[in-house]
Amino acid sequence: MKGYKDLSPSLRTIMTPGPVEVDPRVLRAMSYPILGQFDPEFTELMNETMEMLREVFQTSNHWAFPVDGTSRSGIEAVLVSVIEPGDKVLVPIYGRFGHLLVEISERCGAEVLMLEREWGSVFDTQEIIDAIQREKPSIVAMVHGETSTGCIQPMDGIGAACREADALLVVDAVATIGGVPVQTDAWQLDAVIGGTQKCLSVPAGMSPITYNDRVEAKVLRRKTIERGLREKGAAVSGLKPVASNYFDLGMLQEYWSPKRLNHHTEATSMLYALREGLRLVLQEGLEERYLRHQRHEAALVAGLQAMGLTLYGNPACKLPVVTCIRIPEGIDGESVRAMLLNTFGIEIASSFGPLKGQIWRIGTMGFSCNQKNVLHVLGALEAVLLWHKVDVNVGAALQAALNLYARKEEEQPC
Ligand SMILES: Cc1ncc(COP(=O)(O)O)c(C=O)c1O
């Protein structure tokens with residue numbers, strides 16, 4: 001047999017918009033012994049995870065649980081469960097992940113209405129509200145924080161407009177949950193999807209979601225019980241069931257209810273990881289965590305600008321956990337990224353579609369969002385850019401970041 005070497009992944013400084021570094025407490029949680037999925041000890045951990053998710057999503061919704069799969073599994077579960085073929089779905093798009101919502105909605109048989117904004121900016125909320133009033137969609141699906149462009153969409157008034165038009169508002173908060181306020185109830189969001197591998201700093205592999213009674217009512221219209229689990233004489237809805245078995249929220253919620261109706265086999269180690277990640281978030285405190293993300297973003301931005309680099313996107317709608325930088329003229333962005341990785345062990349990201357080769361993206365998310373990493377990335381980027389003969393202001397970046405940290409410490413002595 002071919003000899004495979006022992007697994008020994010390099011210790012990286014991961015400054016991408018996900019996946020990011022994971023707290024050792026989460027990694028340790030993943031190494032604990034497996035419990036059966038109906039073992040009361042395990043179902044108690046499931047219940048605790050639901051409780052903590054409600055706090056992080058800032059909701060009193062009963063339903064708050066993870067879908068097994070990466071973040072798009074949560075998006076697919078919500079959309080395939082609420083969209084009935086022919087439903088009108090309005091999708092405001094200002095980057096790659098808005099297009100993902102279109103793609104998934106179309107596959108669910110929706111009639112999709114797209115509202116597009118130039119990448120690097122977001123919508124004036126009134127534009128979205130006007131479109132809701134004009135088009136009267138059944139569902140509005142939109143992204144809160146666009147990692148592809150580093151922009152954040154204000155949400156005020158959109159939830160109220162959806163209620164008035166009797167539309168459901170589905171929000172991708174994959175990049176923002178745990179790093180930026182996401183106020184599910186106050187903003188009247190009907191369903192929200194989070195990601196684990198970004199500001200929650202848990203490995204990829206689960207997608208926490210929450211939804212309210214309005215969503216549940218739509219889901220239950222098409223409720224089915226899997227053929228092999230039906231008891232004799234059980235009533236079956238006459239409507240065509242949700243097109244996916246794995247992502248049918250009606251089935252998933254029965255599994256996450258005290259009934260524990262058998263569905264998939266829960267991903268035990270990922271649940272341990274998510275529970276520990278959520279415990280870390282709540283121990284830090286939501287407000288304190290948001291402030292930490294802002295503090296390190298500010299230091300990073302001060303450093304990049306002092307170096308002489310130009311940020312991409314409208315600063316008025318900058319996503320605090322992702323910073324996009326224009327690649328200087330004539331520079332091979334991939335060569336810079338490769339040198340950062342191979343020489344300094346630092347990973348930053350490129351971008352997609354029209355922005356490919358145009359910008360770099362640096363994440364300041366979760367466990368990766370700390371002073372050591374920000375200073376490390378600024379120092380290394382300066383060295384790599386000098387190596388590539390870019391005319392940067394030598395030494396200025398780290399001094400600007402250090403100044404910012406010193407000021408912040410004076411403001412908030414610890
Ligand atoms: C805003 C946003 N939505 C959705 C996704 C899809 O997540 P995943 O790759 O975990 O399926 C991502 C991933 O980067 C994202 O940034």
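What follows is my list of look-ups, entry by entry.

**Ground rules.** I'm working with a predicted model, where local features need pLDDT of at least 70, side-chain atom pairs count only at pLDDT 80 or more, and totals for chains, interfaces and linings use all residues. I count residues from 1 along each chain as its sequence is written.

**Around the ligand.** I found G18, T70, S71, R72, F97, V143, T147, D172, V174, A175, G195 and A204. Sorted by class, that shell has five nonpolar, five polar and two charged residues. For the classes, Ala, Val, Leu, Ile, Met, Phe, Trp, Tyr, Cys and Pro are nonpolar, Asp, Glu, Lys and Arg are charged, and the others, Gly among them, are polar.

**α2 and α9.** Helices here are DSSP runs (H or I, at least four residues), numbered from the N terminus. I checked α2 (residues 40–57) against α9 (residues 268–284): they pack at about 40°, with axes 10 Å apart. Axes are lines fitted to C-alpha atoms over the stretch in contact, and angles run from 0 to 180 degrees between N-to-C directions. The pair is therefore oblique. Angles under 35 degrees count as roughly parallel, over 145 as roughly antiparallel, 65 to 115 as roughly perpendicular, and the rest as oblique. On the α2 side, the contact includes L45, M46 and E48, and on the α9 side L271, L274 and R275. Contact means C-beta atoms, placed from the backbone, within 7 Å. By class, I noted ten nonpolar, one polar and four charged residues there.

**α10 and α12.** H296, A299, L300, G303 and M307 of α10 meet Q371, V374, L378 and E382 of α12. That contact has five nonpolar, three polar and one charged residues.

**K372.** I stayed in α12 (residues 371–387) for K372. Is K372 buried or exposed? It counts as exposed, because it has 9 C-beta neighbours inside 10 Å. The cut-offs, with C-beta atoms placed from the backbone, are 20 or more others within 10 Å for buried, 12 or fewer for exposed, and in between for partly exposed. T13 is 359 residues away along the chain, yet the C-alpha atoms of K372 and T13 are separated by 9.6 Å.

**T125.** My last stop was T125, in helix α5 (residues 125–135). T125 counts as partly exposed because it has 16 C-beta neighbours inside 10 Å. Leaving out residues up to four places away in sequence, T125 touches P154, D156, G157 and I158. T125 and D156 are 31 residues apart in sequence and 7.0 Å apart, C-alpha to C-alpha.

Notes:
A residue is near a molecule or strand if its C-beta atom, placed from the backbone, lies within 6 Å of it. Helices (H or I, at least four residues) and strands (E, at least two) are DSSP runs, numbered from the N terminus. Two residues are in contact if their C-beta atoms, placed from the backbone, lie within 7 Å.
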